[in-house]
Each structure stands twice: as C-alpha cells, then as structure tokens.
Amino acid sequence: MQITILCWNLEHNGGSHIARFQAHERLRSLNPHLVLRQEMWGSDADGQRILYELESILGMRGWLGPRSSTAIFTDPAVFQPVRTWDTGPMWVQPPTALTLRYRPAPVDSMPLAVASYHLNYASPTNRMAEAEWLSTWADKYQTAVDGEAYRLPALLGGDTNSYPEPGLPKDPALPKLDEIQDRPHRLHRSYVGPDGRRRMDTRPDEALRTAGLEDVARYWSTASGGCAAAVARTVNGCASHGPDARVDRIYATGDLLPAVLDVDVIEVPLTESDHHIVRLELDGDVLTDILARPVSAMLPAA
C-alpha cells in the first residue's frame with residue numbers, strides 16, 4: 001500500500017466559497033490518506049464550517065486546532081486516533097497534534113505522533129520558541145506490552161515562515177536582505193546574529209534537525225533513487241517579499257525515512273493559494289515494519 005500525505009497552507013482564496021471548494025476538490029483528487037492543513041480560519045465559526053466542508057469533500061475525519069489555525073484530516077480506514085495533545089502556551093497560530101495508529105500494522109505496533117503547524121509570521125524570536133516547542137512531538141513515549149517505553153516516530157508538516165539551511169543544488173537560494181522591498185518583511189524573515197548583522201532566518205530548520213527531525217524533501221533530494229526536484233519552491237517570489245522560497249516543509253524522525261517513496265511539490269494557481277502543496281509518499285509495508293512490535297512479548301513463557 002502507498003500512503004499519500006499532503007501538507008498545504010491554503011490561504012488567499014479571497015474568502016470565496018467557490019475558490020475554496022475548488023481548492024478542496026484539488027486535495028480530494030490527490031487521494032490523500034493524511035492531510036496536514038493550515039489557515040483554517042477567519043474565525044472559530046469559519047474554521048469549524050471549513051472543517052465540516054473538507055470532511056465531506058475528502059471523506060475523511062478532521063481535527064481542528066485551537067483558534068482554527070491548523071487541522072489534521074485522516075482516512076479512517078488507514079489511521080485511527082489514539083489521543084490529542086495540548087499545544088502549549090506560546091503559539092500565535094497553535095498546531096493540531098495527534099497520536100495516530102496505522103491500522104494495517106499489528107495491534108501492538110507503535111503509533112505515530114503527527115502535527116500540523118504554522119510558525120509565527122512576524123516574530124523570528126517567537127518563531128524560534130515555537131520550533132523548539134514543536135520538537136516535543138518528536139519526544140513522545142509509549143509503554144509497550146513488554147513494559148519498555150518506546151519513543152514514538154513523529155511526522156510534522158506545515159508553514160515555517162522561514163528558510164531551510166542552504167546547500168542543496170536545487171534548493172531555492174536564500175533571499176538577500178537588502179533586496180526585499182517590503183521593509184517590515186525584512187524584519188519578519190531575519191534575526192540579528194552574534195556579529196550584530198542581520199541574517200535570513202534558518203534557525204527553526206536547524207533546531208528541528210538538531211532534535212532529530214529530518215526535512216523529508218531535503219532527504220529525498222539526495223537519497224539513492226530520490227529526486228533533486230523534491231526541494232522545489234513552495235511559495236512564489238514576488239517584488240515585495242523576495243524570490244521563490246521553500247517555507248512549507250514536512251519533517252519526520254529518522255526512523256521513518258526508509259519508508260519514503262517520493263517527495264514532490266504540486267504547484268497550484270495563485271487564485272487558490274499563495275502556497276503550493278507538499279506531497280509525501282510512504283511505502284505502507286515498510287511503515288508497518290518500522291512500527292511493528294515483537295508479538296513474542298505478548299506470549300506467556302514456555
């Protein structure tokens with residue numbers, strides 16, 4: 001079985017119900033098993049209405065995060081909810097975080113920690129704190145039937161509002177600070193380094209990778225059998241905000257990387273969103289092997 005995971009910050013649809021419906025139909029056409037969605041708002045009422053709409057279109061079950069900023073949708077035949085997580089105190093746009101059981105795996109298998117996130121738009125200081133807090137979902141444990149505590153594999157996707165560490169051949173180049181015409185945006189996407197000079201903000205990426213979370217597009221762009229185009233832009237360049245950038249990223253703990261089959265970016269028209277869709281494909285059989293527990297622990301001693 002091939003598992004399709006989509007991550008999309010759907011915004012700038014002008015508030016049009018028709019445009020939003022068309023965008024959600026696009027998601028449905030990609031046959032996802034897991035959707036990590038950002039920008040569910042206007043208001044709490046709007047977010048709940050959009051949640052019900054998307055559940056109906058996708059035929060999936062949805063969870064809406066606090067303040068209607070983020071959501072997770074799952075195919076109930078593939079993923080079973082185990083628990084929801086408190087998102088912590090500092091978020092401007094709080095994530096949605098769940099523990100999900102992969103149904104095809106044996107019943108004593110590890111579940112997954114999954115989060116849909118949206119890091120702070122305006123404050124690089126707050127954004128860094130949010131990234132540090134986000135790493136806690138790669139630090140969840142569950143006690144198995146053998147009494148041993150296992151760290152859960154984690155999968156996190158969303159809008160980082162910042163840049164990946166540069167160095168890959170196809171990765172969009174970091175903007176040059178003085179070439180960003182929108183002066184507030186210079187502040188929003190940079191921080192003051194130890195030398196007192198402003199640098200483009202790659203710190204959330206570095207923090208998450210320090211915590212053992214790998215950028216799946218970065219991994220796939222250099223993996224054997226992978227594709228360099230995995231690190232394609234997720235937002236288009238514009239005169240005010242600078243060049244093409246890859247601000248939307250999916251991170252996974254290293255134990256999940258052997259299951260990666262493909263990572264790509266599906267471009268959508270600006271009439272639907274100013275963000276493109278990040279798609280991750282996982283090998284379901286390999287995922288089962290990664291999550292499976294030894295059943296011998298359930299058997300009585302001979």
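Trainee: How many disulfides does the structure hold?
Mentor: The structure holds zero disulfides, a disulfide being a pair of cysteine sulfur atoms within 2.5 Å. Before we go on, this is a predicted model, where local features need pLDDT of at least 70, side-chain atom pairs count only at pLDDT 80 or more, and totals for chains, interfaces and linings use all residues. Residues are numbered from 1 along each chain as its sequence is written, and side-chain values use heavy atoms, with hydrogens and water left out.

Trainee: How do you know that Cys7 is in no disulfide?
Mentor: Its nearest cysteine sulfur, that of Cys227, is 19 Å away. For Cys238, also in no disulfide, the nearest cysteine sulfur is that of Cys7, 20 Å away.

Trainee: What makes Cys7 buried, and why is Cys238 called partly exposed?
Mentor: Buried means under 20% relative accessible area, exposed over 50%, and partly exposed in between (1.4 Å probe, protein chains only). Cys7 has a relative accessible area of 1%, so it is buried. Cys238 has 38%, so it is partly exposed.

Trainee: Why does Asn31 count as exposed?
Mentor: Because its relative accessibility is 55%. Asn31 is in the loop between α1 (17–29) and β2 (34–38); helices (H or I, at least four residues) and strands (E, at least two) are DSSP runs, numbered from the N terminus. Just after α1, Asn31 takes a positive phi of about 55°.

Trainee: And what makes Ser68 buried?
Mentor: Ser68 has a relative accessible area of 1%, and therefore counts as buried. Ser68 sits in the loop between β3 (61–64) and β4 (70–74). Phi of Ser68 is near 55°, a positive value in a residue other than glycine.

Trainee: How do you know that the span of α1 is close to the expected one?
Mentor: The expected span is 1.5 Å times one less than the number of residues. α1 has 13 residues and reaches 18 Å from its first C-alpha to its last, close to the 18 Å expected.

Trainee: Which residues of α1 are buried, and why do they line one face of the helix?
Mentor: They are Ala19, Arg20, Ala23, His24 and Leu27. Seen down the axis of α1, these buried residues fall within an arc of 135°, so they line one face; the arc is that of the directions from the helix axis to the C-beta atoms. An α-helix has 3.6 residues a turn, so residues three or four places apart point the same way.
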